[in-house]
Amino acid sequence: MSLSLDARADLDFVLTWRRRWADTLYPALVAQTRAATAQAPPADRKAARPAVHAQPVFPWFAFGERGSQKQLWRAVSDAVADDEPIALPDRPIGSLELNPDLELPAWYTDWDIHVQPGGVWRADPSARVYELGAKLVMMGDNDDYAFHRRFVETAVAPVLPAAPGRLIDLGCGFGKSTWALKQAFAAAEVIGVDLAAPCLRLAHAKCEERGLAVRFVQADAAGTGLDAGTADLVTATMLIHELPQPQVKAFFAEAARLLKPGGRLAVLDFQFTGEPVRDVAMMDHGARNNEPFLPGMMASDTVGMVEATGMTGAAWVAFDERGAGRLDTLAWPKRPEWHFPWAVLEAEKPQ
Ligand SMILES: C[S@@+](CC[C@H](N)C(=O)[O-])C[C@H]1O[C@@H](n2cnc3c(N)ncnc32)[C@H](O)[C@@H]1O
């Protein structure tokens with residue numbers, strides 16, 4: 001995408017504003033909360049919440065998160081407003097299976113997810129806006145989607161057979177999680193599933209541009225219609241925090257149905273860190289970023305939900321997106337700035 005100087009300046013401004021929010025306002029909030037609670041440190045995130053909210057910098061921190069997010073979409077929408085519609089190839093090497101009869105659930109369409117006006121599903125520009133916005137949300141740390149490649153290299157490749165057959169990526173968005181799988185396992189059949197037709201069109205176009213033969217299917221991750229017992233791997237990156245509790249359960253049941261015996265589940269999402277201010281900020285992030293189901297997912301017994309499907313070895317481990325990727329325990333390297341508490345939920349379908 002070629003950007004005008006004005007568009008570039010707007011995007012640079014928002015990116016800088018978000019970085020200052022993360023590396024200056026967040027540490028200030030931590031320092032103020034620590035000083036205010038030094039005599040009686042809060043035991044957990046619930047106890048910490050009133051203290052965090054009472055600090056002088058808190059209104060600026062809260063405004064900075066929501067305000068910069070709104071500015072982000074304004075800048076990104078302006079930047080892609082005149083862009084070309086998504087051009088689909090005449091002779092694709094992969095496929096795109098859209099379902100015009102699919103009724104999008106109200107819990108999905110009722111919220112402008114991530115504060116993106118109109119969400120990611122309304123029309124082709126929604127996907128392009130989401131694509132550019134996603135880069136800024138990651139504060140420039142996911143250029144060329146190194147994050148998704150690291151997930152595949154450290155959390156997926158080590159647990160798969162050398163030549164896996166079918167890999168299914170649920171909630172694939174515009175494909176950055178899916179093409180990392182296809183790049184790593186060129187001979188495998190890779191299927192990306194999403195509710196949003198615009199995202200799937202963009203995902204398909206981008207895979208074709210990259211010479212990656214991927215099958216994209218428009219369906220609900222909680223009931224894909226794909227054949228049971230056929231997948232070596234089911235992944236979902238950044239999906240389950242967007243689902244209401246009954247859908248999270250249904251998603252795990254569908255993953256268990258799709259996997260063949262010995263197949264692996266790898267879900268990249270968020271978990272609490274045990275650092276009170278960070279965990280309060282993450283709970284609040286759901287409200288400030290129009291992700292209403294995020295706190296519920298983080299607080300729920302997702303491991304128990306996976307075990308209830310019959311899968312074994314269910315556990316969350318931390319994911320360090322800047323360095324090692326998947327870690328062996330649910331503990332992150334200490335970092336002073338605000339960052340997402342990425343984690344991987346792993347399990348296996350018994351043989
Ligand atoms: C935050 S995006 C993540 C996209 C991609 N996996 C990534 O890592 O960038 C979440 C995606 O999940 C999709 N989604 C949400 N609920 C879904 C559901 N029930 N079934 C399928 N896709 C869903 C959304 O349309 C969106 O594209």
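Which residues does R45 touch, not counting residues up to four places away in sequence? R45 touches F272, P276, D279, V280, M283 and A299, where contact means heavy atoms within 4.5 Å.

## About this model

This is a predicted model, in which local features need pLDDT of at least 70, side-chain atom pairs count only at pLDDT 80 or more, and totals for chains, interfaces and linings use all residues. Residues are numbered from 1 along each chain as its sequence is written, and side-chain values use heavy atoms, with hydrogens and water left out.

R45 has its place in helix α2, residues 45–54. Helices (H or I, at least four residues) and strands (E, at least two) are DSSP runs, numbered from the N terminus. With a relative accessibility of 23%, R45 counts as partly exposed. Buried means under 20% relative accessible area, exposed over 50%, and partly exposed in between (1.4 Å probe, protein chains only).

V280, one of the residues that R45 touches, is 235 residues away from R45 along the chain, yet their C-alpha atoms are separated by 5.7 Å.

Q55 lies in the loop between α2 and α3. Is Q55 buried or exposed? Q55 counts as buried, because its relative accessibility is 10%.

The side chain of Q55 reaches the backbone oxygen of A51 at 2.7 Å. This is a polar contact, meaning a pair of N or O atoms within 3.5 Å; within protein, one must be able to donate a hydrogen and the other to accept it, and residues adjacent in sequence count only if both atoms are side-chain atoms. Leaving aside residues up to four places away in sequence, Q55 touches L29, Q32, T33 and A36.

## How helices pack on α3

Two packed helices are described by the angle between their axes and the distance between the axes. Axes are lines fitted to C-alpha atoms, for helices over the stretch in contact, and angles run from 0 to 180 degrees between N-to-C directions. Helix α1 (residues 5–36) and helix α3 (residues 58–80) have axes that come within 9 Å and cross at roughly 165°. The two are therefore roughly antiparallel; angles under 35 degrees count as roughly parallel, over 145 as roughly antiparallel, 65 to 115 as roughly perpendicular and the rest as oblique. The contact of α1 with α3 has 17 nonpolar, four polar and three charged residues. Here Ala, Val, Leu, Ile, Met, Phe, Trp, Tyr, Cys and Pro count as nonpolar, Asp, Glu, Lys and Arg as charged, and the others, Gly among them, as polar. α1 passes α3 in a left-handed crossing: a crossing is left-handed if the near helix is turned anticlockwise from the far one by less than a right angle, and right-handed if clockwise.

Helix α3 also packs against helix α10 (residues 276–288), at an angle of about 50° and with the axes 10 Å apart. That makes α3 oblique to α10, and their crossing is right-handed. F58, F61, A62, E65 and R66 of α3 meet A281, D284, H285, A287 and R288 of α10. By class, this contact of α3 with α10 has five nonpolar, one polar and four charged residues.

## The pair α6 and α7

What is the angle at which the axes of helix α6 and helix α7 cross? The axes of α6 (residues 146–156) and α7 (residues 176–184) cross at roughly 55° and come within 8 Å. α6 is therefore oblique to α7, and the crossing of the two is right-handed. On the α6 side the contact is made by H148, R149, V152 and V156, and on the α7 side by K176, S177, A180, L181, Q183 and A184.

## T235 in strand β5

T235 has its place in strand β5, residues 231–237. T235 is buried, because its relative accessible area is 1%. A polar contact of 2.9 Å joins the side chains of T235 and D169. Beyond residues up to four places away in sequence, T235 touches F151, V156, I168, D169, L170, L181 and A266. Among them, V156 and L181 also take part in the contact between α6 and α7.

## Two residues with positive phi

Most residues other than glycine have a negative phi, and most peptide bonds are trans. M238, which is not a glycine, has a positive phi of about 65°. M238 is found in the loop between β5 and α9 (245–258) and is buried, with a relative accessible area of 18%.

N290, also a residue other than glycine, has a positive phi near 50°. N290 is found in the loop between α10 and α11 (294–299). N290 is buried, with a relative accessible area of 15%.
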